[in-house]
Amino acid sequence: MPTKQTSVLVTERGRGFLWWPVFFGLGIGIYFLLPAEPSPVVIGTLLPVLTLLLFLFRRRPVVRGALWLLWLVAAGFADMELQTFLLMPEEPTKAERKLYISGRIDVIDTNYNGRQRILLSSMKDFDDNPLPGRYRLTLIHRNNNFNAGDCVELIGVVSPLFKPSVAGGYQSNRNLYFAGINGSGYIPSEVLKLDCPAGGRRFGDRVAKLRDDIARRIHRVLPPDEASVAVALIAGDQTGISRRLIEAYRDSGLAHFLSISGVHMSMLAGLMFFLVRAGMALAAPLALRFNSKKTAAFLSILVSAAYLLLSGMPVPAVRAFLMTLVVLLAVLFEREAVSVRTLALSALIVLIIEPAALVGASFQMSYAAVIALVAFYEKFAGRLNRFLTAADVSLPRRIMRGLAVYLIGVLAADLVASLATLPFAVFHFNRVALCTSLTNLLSGPVIAFIIMPFVLVSLLAFPFGLEFVPLKIVGFGVKIVNDLTLWVASLPYAATSVLSMPLWGLLLIVAGGLLLCLLRSRLRLWGAAAIVLGALSLLGVKRPEVIVDAEIKTVAVLDSQSKSYYFLPRPDRWNKQNWLSKFAAAETKDKPQNSLWPARIKIKQGKSIFVDGREFDVRSAGGTAFYDNNGKITAKTVRAYTGRRPWNM
């Protein structure tokens with residue numbers, strides 16, 4: 001008689017591979033949780049030892065399985081440590097300085113305020129000495145006379161990368177470090193062209209120039225708001241979208257539409273597949289001589305690869321391309337593509353190539369949404385198929401059922417994806433969109449039947465200079481979606497700010513979600529329990545009473561009545577914006593309680609402050625700190641949160 005353990009093993013047979021990227025990612029996560037850079041000797045010893053043990057216990061399945069999972073954790077850790085080590089020579093800039101720079105432009109984009117920005121590499125100073133790494137510099141004077149791949153000279157004011165201003169907040173310096181960027185700043189001078197060294201343009205330069213050319217051609221055809229969104233959809237560059245429109249997309253729950261991901265890639269590949277097969281079916285000689293299905297799959301792969309290159313290869317686009325590629329390869333080689341295994345394979349490839357992506361919101365939200373949708377499809381696809389193909393139902397009823405399934409499918413998919421990404425939205429952005437179902441339901445047909453088909457036609461028309469008409473149709477669809485997002489975002493309670501959960505709460509929810517989605521036995525119910533416990537962690541989160549940065553230049557005190565923060569005069573705008581966002585609070589413009597209140601805050605010799613007679617020793621905190629009303633630190637200081645890592649030195 002089979003035991004419960006045997007029954008579980010039988011149920012979960014063949015799904016072990018799904019956990020490979022999970023344990024590989026666990027190793028990467030452990031690396032980032034360390035307070036200081038680990039010694040390479042440890043992992044250099046651990047991996048060979050685990051490999052030897054795997055060989056010795058190869059005939060003992062249970063022990064071998066446990067050792068293999070440990071090996072994956074160690075491999076993820078080693079991969080992340082190796083990538084950090086390879087970037088070590090490109091040390092971040094230590095202090096602000098003004099210098100002459102000559103170099104090659106890798107990327108041209110715009111910053112959040114719409115200013116033009118360039119990314120420089122292969123740099124040298126005035127004495128022709130090499131400058132390590134890459135600098136991202138914003139132009140004070142706009143210049144449209146250069147392209148990606150051009151060599152230029154300029155005067156730049158280069159500063160260290162911005163450090164986090166809040167524990168648990170966005171670490172821009174870490175992300176830029178792993179992008180190979182070790183300095184940022186601005187360009188007060190003109191940017192002058194130089195002759196590049198012999199060797200010609202690199203492939204990446206050609207792709208970047210092509211993206212710039214496409215963006216310019218789109219802007220020549222469409223008005224600014226429509227053009228900026230079209231550029232995001234075609235060339236993967238969101239930097240030109242106005243702040244008002246970006247915030248509307250976020251608050252309406254349609255921000256994912258601006259990022260090239262599974263929706264865009266699958267629609268584009270599917271449309272190309274359909275067009276090729278339909279075209280070959282109309283040409284009898286082609287249909288008889290060639291396999292239309294395989295031809296369509298091959299051409300769809302080419303179009304998807306070109307779209308990926310144009311997008312700039314962000315994580316969601318890479319994940320979507322890998323999944324699309326596996327499905328189309330299965331068509332070419334007449335094999336069955338298993339969706340959940342395809343997802344696991346794409347995640348493993350992305351983590352091996354770019355392990356630092358694990359700690360980014362893009363990777364987390366992208367894979368969370370897709371894995372939840374795949375698990376939902378596995379559970380309910382059979383029932384939906386039987387509902388649609390029932391033999392005893394008349395044609396009109398089948399049509400009505402199809403429409404009902406479409407509406408229910410859109411709402412269900414949106415609900416599943418929204419719930420899957422909700423914890424990450426709370427943790428990273430402290431803002432939740434409440435009307436996503438309404439926005440997706442109304443915008444879905446426009447995206448599927450107007451925008452994406454003519455995005456494909458535009459891509460095919462660009463080489464021949466025939467993009468005007470398809471771009472106009474794309475712009476028409478984009479205008480509808482823009483107006484829709486602005487309307488939804490203007491609704492009362494369309495979005496709300498929330499306090500973020502602690503990291504341990506998020507990790508519990510992630511673990512629970514993985515158990516729910518990847519397991520098929522009753523063990524997955526433990527996943528639901530973990531999710532509930534993780535969600536309950538929100539109950540213990542409180543706003544700090546006092547926040548002080550390391551230099552005591554920005555001080556915020558919570559007003560107990562209004563639950564908003566009062567800032568001392570002339571605060572740092574970057575700190576203020578991040579603090580208010582992280583703690584889902586507003587700034588009070590009025591003097592709280594009484595006119596004497598601000599005088600009750602005193603700074604003592606730049607080392608500590610007094611609030612209502614209570615002393616807060618700031619210097620001992622070693623960075624921005626967060627206090628309760630008894631003067632005790634309520635959370636990690638920023639210094640303790642970031643640790644002593646290469647990107648924070």
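A search of the whole structure, a predicted model, turns up one disulfide, the term standing for a pair of cysteine sulfur atoms within 2.5 Å. The partners are Cys 151 and Cys 196, with 2.1 Å from S to S. Their link is right-handed, with 115° about the S-S bond. Distant parts of the chain are linked by this pair, whose members lie 45 residues apart: Cys 151 belongs to strand E5 (residues 151-159), while Cys 196 sits in the loop between strand E7 (192-194) and helix H6 (203-221). Helices (H or I, at least four residues) and strands (E, at least two) are DSSP runs numbered from the N terminus.

Residues are numbered from 1 along each chain as its sequence is written, and side-chain values use heavy atoms, with hydrogens and water left out. Because the model is predicted, local features need pLDDT of at least 70 and side-chain atom pairs count only at pLDDT 80 or more, whereas totals for chains, interfaces and linings use all residues.

How accessible are the cysteines? Residues are called buried under 20% relative accessible area, exposed over 50%, and partly exposed in between (1.4 Å probe, protein chains only). Cys 151 has 8% relative accessibility and so counts as buried, while Cys 196, at 31%, is partly exposed. Elsewhere, Cys 435 is buried at 15%, and Cys 517 is buried at 16%.

The buried residues of H3 are Ile 43, Leu 47, Leu 50 and Leu 54. These residues cover an arc of only 70° around the axis, so they lie on the same side of H3, the arc being that of the directions from the helix axis to the C-beta atoms. Val 41 and Leu 56, on the other side of H3, are exposed. Helix H4 (61-87) is included in what covers the buried residues of H3, where contact means heavy atoms within 4.5 Å.

Asp 128, with a phi of about 70°, is found in the loop between strand E2 (116-124) and strand E3 (130-131) and is partly exposed at 49% relative accessibility. Asn 430 has a phi of about 55° and lies in the loop between helix H15 (395-429) and strand E8 (431-433). With a relative accessible area of 2%, Asn 430 is buried.
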